[in-house]
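Reader: I am new to this structure and would like to know what stands behind the words used for it. Please take the terms one at a time.

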Amino acid sequence: MSRQFFVGGNWKMNGTTASNEALIETLNGAEIPEDVDVVVAPPAIYLESVRKALSPRIAVSAQNCYHAQSGAFTGELAPAMLADLGITWTLQGHSERREYFHESSEFVAKKTKFAIEHGIKVIACIGEKLAEREDGTTFDVCAAQLAPIAEALSAEQWADVVIAYEPVWAIGTGKVATPDQAQEVHAYIRAWLAENVSAEVAEATRIIYGGSVNGKNCNELAGQPDIDGFLVGGASLKPEFVNIIAARA
Ligand SMILES: CCCS(=O)(=O)CCC(=O)O
């Protein structure tokens, strides 16, 4: 089976109305290959304006959303609100939320399931810290982060999931995993899915790489058999994001 390439841009906590307008103009003018799904994830405050201004060829994602549709959850947003704005994706479990907001893998799984049950697809982020890689526990960490998600979802719900592998030591550092390093973990993740979910889910699920992807390293990474795309940070805020989208083409 060939999996549709997937390129996400995580704007994180960046942007102004002026810089967003300039980036959207670039993206709206870009020729996007038919065999690539493209999603951008602006900060929550800009979701509505970005959705309204951006070509429908590009989907829009939240960077997080809660496991409730309303209630006393100050600062959170609900899947229903995303759907109301035409937002079709959300990130879940980004390492910065695990680190700074102490999100457990069980909490990430609960939010992932709730989002999918309410019509929002999920980019589920997993990945090891530098110390865990140096200790040789990368696979154990990824397995521990995947297990609650596998426990929570039905096989059918995996159709609404993209897994983003993010070696935390490569995020925003300029250090990028080598293609071999990334491929090794992606292959492990796919094998883990085959063993713990199903062969069909393992084959169909996009596993994308995130961690200092840019216009220079994207092609070699895209050539790896189990790298089905990217979740791009800083470079997604620049015109070079268009080159990264075309990496597979
Ligand atoms: C899988 C998450 C990757 S991300 O969204 O943090 C972008 C990576 C980077 O900033 O280098």
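Author: The model is a predicted one, and it holds 12 salt bridges.

Reader: What makes Asp-228 and Arg-3 a salt bridge?

Author: A salt bridge needs a side-chain nitrogen of Lys or Arg within 4 Å of a carboxyl oxygen of Asp or Glu. The side chains of Asp-228 and Arg-3 meet at 2.9 Å, N to O, so the pair qualifies.

Reader: Why can this pair be said to tie together parts of the chain?

Author: Asp-228 sits in the loop between helix H10 (218–222) and strand S8 (229–232), whereas Arg-3 is in the segment before strand S1 (5–10), so the parts joined are 225 residues apart in sequence. Both residues are buried. Asp-228 and Arg-3 also belong to a network of salt bridges that links them with Arg-190, Glu-203 and Asp-226.

Reader: Asp-37 and Arg-206 meet in a salt bridge too. Why is Asp-37 called partly exposed, and why is Arg-206 called buried?

Author: Buried means under 20% relative accessible area, exposed means over 50%, and partly exposed is in between. Asp-37 has 25% relative accessibility, so the residue counts as partly exposed. Arg-206 has a relative accessible area of 14%, so that residue is buried.

Reader: How do you know that Lys-52 is exposed?

Author: The relative accessible area of Lys-52 is 65%, and the cut-off is over 50%, so Lys-52 is exposed. Its salt-bridge partner is Glu-48, at 2.9 Å, N to O. Glu-48, at 37% relative accessibility, counts as partly exposed. Both lie in helix H2 (residues 47–53), four residues apart, about one turn of the helix.

Reader: Why is Glu-166 said to have no salt bridge?

Author: The nearest side chain of opposite charge, Arg-98, is 5.2 Å away. Among the residues it touches are His-94, Cys-125 and Ile-171.

Reader: What makes Ile-245 buried?

Author: Its relative accessibility is 1%, and buried means under 20%, so Ile-245 counts as buried. Ile-245 is found in helix H11 (residues 241–245). Leaving aside neighbours within four places in sequence, Ile-245 is in contact with Val-7, Ile-32, Pro-33, Val-36 and Val-38.

Definitions and conventions:
Residues are numbered from 1 along each chain as its sequence is written. This is a predicted model: local features need pLDDT of at least 70, side-chain atom pairs count only at pLDDT 80 or more; totals for chains, interfaces and linings use all residues. Side-chain values use heavy atoms; hydrogens and water are left out. Buried means under 20% relative accessible area, exposed over 50%, partly exposed in between (1.4 Å probe, protein chains only). Lys and Arg count as positive and Asp and Glu as negative; His and the chain ends are not counted. Contact means heavy atoms within 4.5 Å. Helices (H or I, at least four residues) and strands (E, at least two) are DSSP runs, numbered from the N terminus.
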